[in-house]
Amino acid sequence: VNNATEENVLRQNQIRKVSEMEKALLDLTLAAMDAIVDADSGKVSLELKRHMSEAQTALLKGLDELEDAADTAEEKRIINAQRPNVLKLDKLVSQDLVSAIEKKWDSKDKQNTAFAEMDDAIDALSREIEGDLAAFAASVTDELNESQAAVQDQIGSSMTLSLLAYLLTIG
């Protein structure tokens, strides 16, 4: 029962980490969209840069933690597939987007086209990362369900053995 309980705790922690990463991804995506909306100012505020950095750090830290906790081939495959996308998103937001906002454009049309392309790329990477997180969570949920079933089976077996021992004792 103890092993199954420990496995339940591990799986619940993995699901919690996926949720934290989903929040960080949403925060990063929204911060990038805010930066694009405010692009006419020609700069990204320090507060928005800090917010982006915190979200990026949470995503990368979460990946490392999920990689350490991944114990199936499928989970490891998902994390390995996800890392390049998270790194691309990190670069796109923290370097490319910030540079584009701070750049002096010779044409508003070129600027709008560049921002639309970045917006599309951010959306595409975010959707891919979201999909990977959902697949990881589904894998962990399957394991959690199996682990909980194992705990129930062990509890049932223990109760049966206890009842049998009691009946043998009194009988």
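The model is predicted, so local features need pLDDT of at least 70, side-chain atom pairs count only at pLDDT 80 or more, and totals for chains, interfaces and linings use all residues. Residues are numbered from 1 along each chain as its sequence is written, and side-chain values use heavy atoms, with hydrogens and water left out.

**Exercise 1.** Determine how helix α2 is oriented relative to helix α3, and which residues make the contact.

*Solution.* 
Step 1. Helices are DSSP runs of H or I with at least four residues, numbered from the N terminus. Helix α2 covers residues 46–69 and helix α3 covers residues 73–102.
Step 2. The two axes come within 10 Å and cross at roughly 165°. Axes are lines fitted to C-alpha atoms over the stretch in contact, and angles run from 0 to 180 degrees between N-to-C directions.
Step 3. Helix α2 is therefore roughly antiparallel to α3 (angles over 145 degrees count as roughly antiparallel).
Step 4. Contact means heavy atoms within 4.5 Å. On the α2 side the contact residues include M52, L59 and L63, and on the α3 side they include I79, V86 and V93.
Step 5. The contact residues divide into 11 nonpolar, 4 polar and 7 charged. Ala, Val, Leu, Ile, Met, Phe, Trp, Tyr, Cys and Pro count as nonpolar, Asp, Glu, Lys and Arg as charged, and the others, Gly among them, as polar.

**Exercise 2.** Describe the salt bridge between E143 and R11, and state whether each residue is buried or exposed.

*Solution.* 
Step 1. A salt bridge is a side-chain nitrogen of Lys or Arg within 4 Å of a carboxyl oxygen of Asp or Glu. For E143 and R11 the N to O distance is 3.2 Å.
Step 2. E143 lies in helix α4 (residues 108–170) and R11 in helix α1 (residues 2–37), 132 residues apart, and the pair links distant parts of the chain.
Step 3. Buried means under 20% relative accessible area, exposed over 50%, and partly exposed in between (1.4 Å probe, protein chains only). E143 has 11% relative accessibility, so E143 is buried. R11 has 2%, so R11 is buried.

Key
Helices (H or I, at least four residues) and strands (E, at least two) are DSSP runs, numbered from the N terminus. Angles under 35 degrees count as roughly parallel, over 145 as roughly antiparallel, 65 to 115 as roughly perpendicular and the rest as oblique.
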